[in-house]
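Dear colleague,

I am handing over a structure that you have not seen before, and I would be glad if you could look through it alongside the notes that follow.

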2 protein chains.
Amino acid sequence: MACWIDGRPDEPLPPTDRGLAYGDGLFETIAVRRGQPLLLERHLARLGEGCARLALPGDPASIRAELLAFSAALGEGVAKLLLTRGDGLRGYAAPQPPQSRRILLGSPPPRYPPGNAAQGVRLYPCRTRLAEQPLLAGLKHLNRLEQVLARAEWRDAEHAEGLMRDLSGRVIEGVFSNLFLVRDGVLLTADLCRCGVAGVMRAEILEQAERAGIALQVRDIDFAELLAADEVFLCNSLYGIWPVRRFEEHDWPVGTLTRKLQGSIRKLLDS
Amino acid sequence: MACWIDGRPDEPLPPTDRGLAYGDGLFETIAVRRGQPLLLERHLARLGEGCARLALPGDPASIRAELLAFSAALGEGVAKLLLTRGDGLRGYAAPQPPQSRRILLGSPPPRYPPGNAAQGVRLYPCRTRLAEQPLLAGLKHLNRLEQVLARAEWRDAEHAEGLMRDLSGRVIEGVFSNLFLVRDGVLLTADLCRCGVAGVMRAEILEQAERAGIALQVRDIDFAELLAADEVFLCNSLYGIWPVRRFEEHDWPVGTLTRKLQGSIRKLLDS
């Protein structure tokens with residue numbers, strides 16, 4: 001497994017890293033095809049927004065250059081970038097002057113069952129609810145115990161993903177995916193102002209839909225709306241789009257809008 | 001700085017540790033005096049509860065033995081133990097079979113201004129609110145971005161700690177301390193069923209107060225009750241007890257119950 005720390009291969013990771021101590025940092029999980037990081041600008045934009053909101057210094061030019069070089073060396077697979085707030089031995093106060101550390105990890109292409117994209121998936125009803133924290137909502141930060149707890153709720157291969165709701169019961173996302181509904185021709189996804197991760201594939205789909213003139217709504221979604229949807233699908237930056245076919249006793253068909261978006265996203269991931 | 005990983009000094013920390021990836025783990029910050037870890041049983045009990053709630057395997061006998069050996073080697077200072085869910089490259093699913101990793105870090109005794117304990121401290125009014133997440137409430141887990149954001153709100157030396165409230169406005173704790181009030185002879189601290197860290201010093205104070213026949217309440221505390229308190233104090237396992245003298249324009253005297261508890265806790269920390 002390839003690992004670069006601040007651009008240098010095979011550096012040791014200090015056990016005082018604040019990413020370990022407090023989850024004090026951000027990450028991006030980037031698909032790499034033919035030596036190129038896909039959706040790079042979107043990943044960099046989200047990382048930049050996270051840096052601004054957490055007051056985390058990150059040099060965009062170094063990060064971009066490093067991601068390009070790392071991806072070229074990796075060829076095919078996944079580049080995971082962690083950006084932490086450097087070192088600290090004790091105490092929550094940030095180091096002065098501000099620091100950060102870049103950690104890049106490479107891994108082989110993910111192997112999801114081909115049926116997930118082709119026939120659609122079944123969603124597990126997670127009992128773990130997402131807490132509402134507007135200061136962290138939308139960010140792909142390193143505090144992910146809620147996702148760990150949610151993912152531990154099922155082990156069967158029958159469920160490819162789990163549905164996460166917030167503590168008020170709103171429909172938010174999957175454990176490692178964003179969620180979209182289609183109802184009466186309108187594409188709908190949750191507003192992530194209180195919790196959730198604003199995925200780069202979600203952003204890509206929203207932009208593609210807007211360009212295609214598809215009616216869009218980003219707003220709170222209650223549970224009844226999910227069940228009443230005409231189409232439901234999941235997305236993330238590695239697998240693209242998976243139709244959702246089943247949730248508990250509820251079934252949805254794989255809809256035409258889902259297939260249309262899936263086709264254009266697949267082209268992007270295969271590019 | 002001393003660092004042991006799974007009992008071995010100077011081992012490298014794998015960059016795939018799930019503590020770094022997701023904050024998937026727990027920690028304890030333990031005062032060490034004359035080669036002995038203080039409040040060891042309380043630290044082990046809290047760690048054990050955290051392991052049970054997060055389904056994190058941790059061998060209590062190894063952890064105890066390691067803490068004793070590490071403290072003996074350290075002599076005076078602070079032993080920080082991190083227990084993470086081992087390694088994972090991608091994906092929230094826990095490794096099977098379950099794993100964990102012990103990381104022990106030593107540091108010198110903390111140097112707080114002596115006036116904090118003697119004359120009391122001023123509390124900063126943190127705007128960062130604690131999210132309500134019953135599944136994680138009370139645990140000293142590695143997802144601590146809220147504390148990082150709260151501690152970044154002030155840099156002056158005038159404020160020794162910050163007051164953290166939950167998103168509903170309840171008074172919960174300090175950024176790195178628990179908070180107690182005294183009102184009409186009753187000792188009061190927040191119920192930590194929705195958020196907050198159940199500190200070992202908080203547990204020690206609750207037990208001492210109970211043994212001494214002091215009236216006790218562990219329940220929700222609203223902001224008006226804080227301002228109306230006769231005495232207010234903070235505690236943690238390293239510094240013991242600090243009286244709170246000032247919060248914004250509000251002043252409290254250092255009360256007799258605060259001084260009484262402070263004396264017995266100081267004896268314990270100096271033992």
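A nonpolar core is here a set of buried Ala, Val, Leu, Ile, Met, Phe, Trp, Tyr and Cys residues joined through side-chain atoms within 4.5 Å, where buried means under 20% relative accessible area, exposed over 50% and partly exposed in between, with a 1.4 Å probe and protein chains only. This is a predicted model, in which local features need pLDDT of at least 70 and side-chain atom pairs count only at pLDDT 80 or more, while totals for chains, interfaces and linings use all residues. Residues are numbered from 1 along each chain as its sequence is written, chains are lettered from A and ligands numbered from 1 in the order in which they are written, and side-chain values use heavy atoms, with hydrogens and water left out.

The largest nonpolar core has 86 residues, and among these A:Leu179 and B:Leu179 touch the most other members. Leaving aside neighbours within four places in sequence, B:Leu179 is in contact (heavy atoms within 4.5 Å) with residues including B:Leu123, B:Leu163, B:Ile172, B:Phe233 and B:Leu234.

The same surface serves both copies, since 100% of the contact residues of chain A recur in chain B.

B:Arg165 belongs to strand E8 (residues 159–165) of chain B, strands being DSSP runs of E with at least two residues, numbered from the N terminus. B:Arg165 is buried yet has no salt bridge, and the nearest side chain of opposite charge, that of B:Asp166, is 6.8 Å away; a salt bridge would need a side-chain nitrogen of Lys or Arg within 4 Å of a carboxyl oxygen of Asp or Glu, with Lys and Arg counted as positive, Asp and Glu as negative, and His and the chain ends not counted. The side chain of B:Arg165 does reach the backbone oxygen of B:Gly169, at 2.9 Å.

Finally, some backbone details: most residues other than glycine have a negative phi, and most peptide bonds are trans. The peptide bond from A:Gln96 to A:Pro97 is cis, with omega near -5°, and the one from B:Gln96 to B:Pro97 is cis with omega near 0°. A:Arg34, although not a glycine, has a positive phi of about 45°, and A:Arg34 counts as exposed at 54% relative accessibility.

With best wishes

Notes
Helix = DSSP H or I, 4+ residues; strand = E, 2+ residues; numbered from the N terminus. Polar contact = N/O pair within 3.5 Å; in protein donor to acceptor, adjacent residues only side chain to side chain.
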